[in-house]
2 protein chains.
Amino acid sequence: MSKAPGEFEIIRDYFARAPQGEGVALGIGDDCALLQAPVSGQLATSMDTLVAGRHFPAGADPFMLASRALRVNISDLAAMNARPLWFTLALTLPDSDSVWLEKFASGLLETAGKFGVSLVGGDTTAGPLSITIQVIGHTEKPLRRDGASVGDNIYVSGPLGAAAAALPVVLAERNVTESVRREAEQAFYFPEPQLETANAIAGIATSALDISDGLLGDLGHICKASGVAAEINLESLPIAPLANRLAADTAVELAACGGDDYQLCFTAPAAAVDQVRQLGFTPIGKLVEGGRRYIAPITGTPGLLNRQAIGTFKSLCRP
Amino acid sequence: MSKAPGEFEIIRDYFARAPQGEGVALGIGDDCALLQAPVSGQLATSMDTLVAGRHFPAGADPFMLASRALRVNISDLAAMNARPLWFTLALTLPDSDSVWLEKFASGLLETAGKFGVSLVGGDTTAGPLSITIQVIGHTEKPLRRDGASVGDNIYVSGPLGAAAAALPVVLAERNVTESVRREAEQAFYFPEPQLETANAIAGIATSALDISDGLLGDLGHICKASGVAAEINLESLPIAPLANRLAADTAVELAACGGDDYQLCFTAPAAAVDQVRQLGFTPIGKLVEGGRRYIAPITGTPGLLNRQAIGTFKSLCRP
């Protein structure tokens, strides 16, 4: 049982040109990378796997795919208000396709450069295509899920529903104009980790997370961790223009339940409503008593939400 | 494109019972884990993927598989003389088989407990079976690959060839007695990360790595990183008893070229030969001038080594 042939060459040729940034004492090429942690604060770490045919189409453009793989991990750092420092990559590939690898490496290193995060190691194996990235950041003021209280307002950091509306286009299940296709790919493959918002709300927000699986489902995690329930006014949800354009009839549903937007959902005390408003955010709901079961009443236009979505929310909110 | 159904439940049920050890401010369950790095020294990190059908048989016992997956990663820490602190797990599974998961989690957490390393996060996805572990340790005196010099002696930390000899048994390609089968499984699934040896040789050794792909191939990495060549006396290689028992005719070849033993290969100055001998290690060769091509003469009984193995060594030693 040996490693994929050419592993060393793959790493050397495609990833060894990764620039070594802050805190990297020894990068790719030894048994481990050696890293110098900041002297104060804490490290934050997260890991996400994207599997071909599940999290992205098997024929996805490797440049865009690399962007998405790294951005969704950096989004987890943003959700904790952590500044990206380092990441490792486990890449499983059916074969050593040099064109694919060149594009993937370009996308990865360009994205890494944009966010100031250094590739410090990883593993390349032969097998069904999947991408696992583990990212490490640094935080002085972490945002957690478990600090919310009854009475807190609920916020989202930006418009929702774009990635879910984009999905049929990304999967080539729907024909659109070239410009709409590009917009859909941008929404799906280039989500924007909300690092600046996280930094702005740290010290005000009582809880936060990034919306990867849909607002209602993810808000359920805050409810559960904090022992509260949530009331959402669906009419106040900021809907992404792309969701309105591609799916006008179900845009609210996509904003409430669609995943992959990577906006933040956060809570803040009612007394801080003006302070948060000055940052550009208005409440979309509030936290209420959860009792034993954390079931959240949903107000607004629930007719647009399908039963399954509400059911998912309720089940996630149960202890 | 959504995550595997039941992801949250899988994590909660099987891995959330991971005990939170040293430096874990916030463990599994938020967007990131929060970790407190030691105030001095450096962090060491490594990542390894095991793919079913390539690095282990698809039907492998999940308890033993989890042990191997974590041990090979801890071995990378040992190779840098880093003490294990934390790890993350990316587990891709064809389905949510609760019996399999229960056994896998038991193997993982038992191994983690043995080595004092805390599971702090990860991801569970649906797809072809593979296991990626990323491990973080702490080192005050790192062992690297690039510090060796001409004239240094070459050592290995223990007998070689057991895992390679065990492979046909592990793959059920060879029938053996129950006790030999157990010994073979022990060699393959429970390699011993050489943490104590690394600690003992730190400050004496000029370079080190763990032998995952075979002594000759891995020694080639030290040669290349340090700009030297190697002369090995094959007659002085410590041969694992299991290799002699299962493959007497090719035991030297397995010891020189077989992988998966996870012993250390290290170098130390000739002047330190007595000091290293007192630790229980005798030289198996020495480093010589590499010139431009780093080709290593191999002395001893080269007739036992097939051409491919020597060719691999030579190609790895080229700059």
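Two residues are taken to be in contact if their C-beta atoms, placed from the backbone, lie within 7 Å. By that criterion, 52 residues of chain B are in contact with 52 residues of chain A. The structure is a predicted model. Chain B superposes on chain A by a rotation of 180° with 0.0 Å of shift along the axis, at an RMSD of 0.0 Å. The two copies are thus related as by a two-fold rotation axis.

**Chain A overall**

- Chain A has eleven helices and twelve strands.
- Of the 319 residues in chain A, 56% are buried.
- Among contacts in chain A with a separation of 6 or more, 85% are between residues 24 or more positions apart.

**Interface between the chains**

- The same surface serves both copies, in that 100% of the contact residues of chain B recur in chain A.
- On the side of chain B that touches chain A, two or more residues come from each of strand E1 (24-26), strand E2 (33-35), strand E3 (42-51), helix H2 (62-79), strand E4 (83-93), strand E5 (118-126), strand E6 (130-139) and strand E8 (207-210) of chain B.
- E3(B) gives the largest share of that side, nine residues.
- By residue type, the side of chain B that touches chain A divides into 24 nonpolar, 17 polar and eleven charged residues.
- Strand pairing also crosses between the chains: strand E2 (residues 33-35) of chain A and E3(B) pair in the antiparallel sense over three bridges.
- Within this pairing, Leu35(A) has Leu43(B) of E3(B) as its bridge partner.

**Strand E6 of chain B and its neighbours**

- E3(B) and E6(B) run antiparallel and are joined by ten bridges.
- Leu43(B), the bridge partner of Leu35(A), also stands opposite His138(B) in E6(B).
- E4(B) is likewise antiparallel to E6(B), with nine bridges between them.
- Leu91(B) has Ile131(B) in E6(B) as its bridge partner.
- E6(B) is mostly covered, with ten of its ten residues buried.
- In a regular strand the side chains alternate between the two faces of the sheet.
- Ser130(B), Thr132(B), Gln134(B), Ile136(B) and His138(B) point one way from E6(B), while Ile131(B), Ile133(B), Val135(B), Gly137(B) and Thr139(B) point the other way, and all are buried.

**Nonpolar core**

- The largest nonpolar core has 207 residues, and the members that touch the most others are Ala166(A), Ala208(A), Ala243(A), Cys265(A), Ala166(B), Ala208(B) and Cys265(B).
- Leaving aside residues up to four places away in sequence, Cys265(A) touches Ile154(A), Val156(A), Ala208(A), Leu209(A), Ile211(A), Leu215(A), Asp218(A), Leu219(A) and Ile222(A).

**Helix H7 of chain A**

- Helix H7 (residues 215-226) of chain A has twelve residues, which at 1.5 Å a residue should span 16 Å; the end C-alpha atoms are 16 Å apart, in agreement with this.
- H7(A) is mostly covered, since eleven of its twelve residues are buried.
- The buried residues are Leu215(A), Leu216(A), Gly217(A), Asp218(A), Leu219(A), Gly220(A), His221(A), Ile222(A), Cys223(A), Lys224(A) and Ser226(A).
- Among these buried residues, Leu215(A), Asp218(A), Leu219(A) and Ile222(A) are touched by Cys265(A).

**Helix H4 of chain A**

- Helix H4 (residues 162-170) of chain A has eight of its nine residues buried, so it is largely enclosed by the rest of the structure.
- Its buried residues are Ala162(A), Ala163(A), Ala164(A), Ala165(A), Ala166(A), Leu167(A), Val169(A) and Val170(A).
- These buried residues of H4(A) pack against helix H5 (178-189), helix H8 (241-246) and H9 of chain A.
- Just after H4(A), Ala172(A) takes a positive phi of about 60°.

- Glu253(A) lies in helix H9 (residues 251-257) of chain A.
- Glu253(A) is buried because 22 other C-beta atoms lie within 10 Å, where the cut-off is 20 or more.
- Glu253(A) and Ser40(A) are 213 residues apart in sequence and 43 Å apart in space, C-alpha to C-alpha.
- Thr197(A) is in helix H6 (residues 195-201) of chain A.
- Thr197(A) counts as buried because it has 24 C-beta neighbours inside 10 Å.
- Thr197(A) and Leu279(A) are separated by 82 residues in sequence and by 8.5 Å in space, C-alpha to C-alpha.
- Not counting residues up to four places away in sequence, Thr197(A) touches Ser157(A) and Leu264(A).

Definitions and conventions: Residues numbered from 1 in each chain as written. Chains lettered and ligands numbered in written order. Predicted model: local features only at pLDDT ≥ 70, side-chain atom pairs only at ≥ 80, totals over all residues. Helix = DSSP H or I, 4+ residues; strand = E, 2+ residues; numbered from the N terminus. Nonpolar A, V, L, I, M, F, W, Y, C, P; charged D, E, K, R; others polar. Pairing = 2+ DSSP bridges. Core = buried A, V, L, I, M, F, W, Y, C linked by C-beta atoms within 7 Å. Expected span 1.5 Å × (residues − 1). Least-squares fit on C-alpha atoms with pLDDT ≥ 70 in both.
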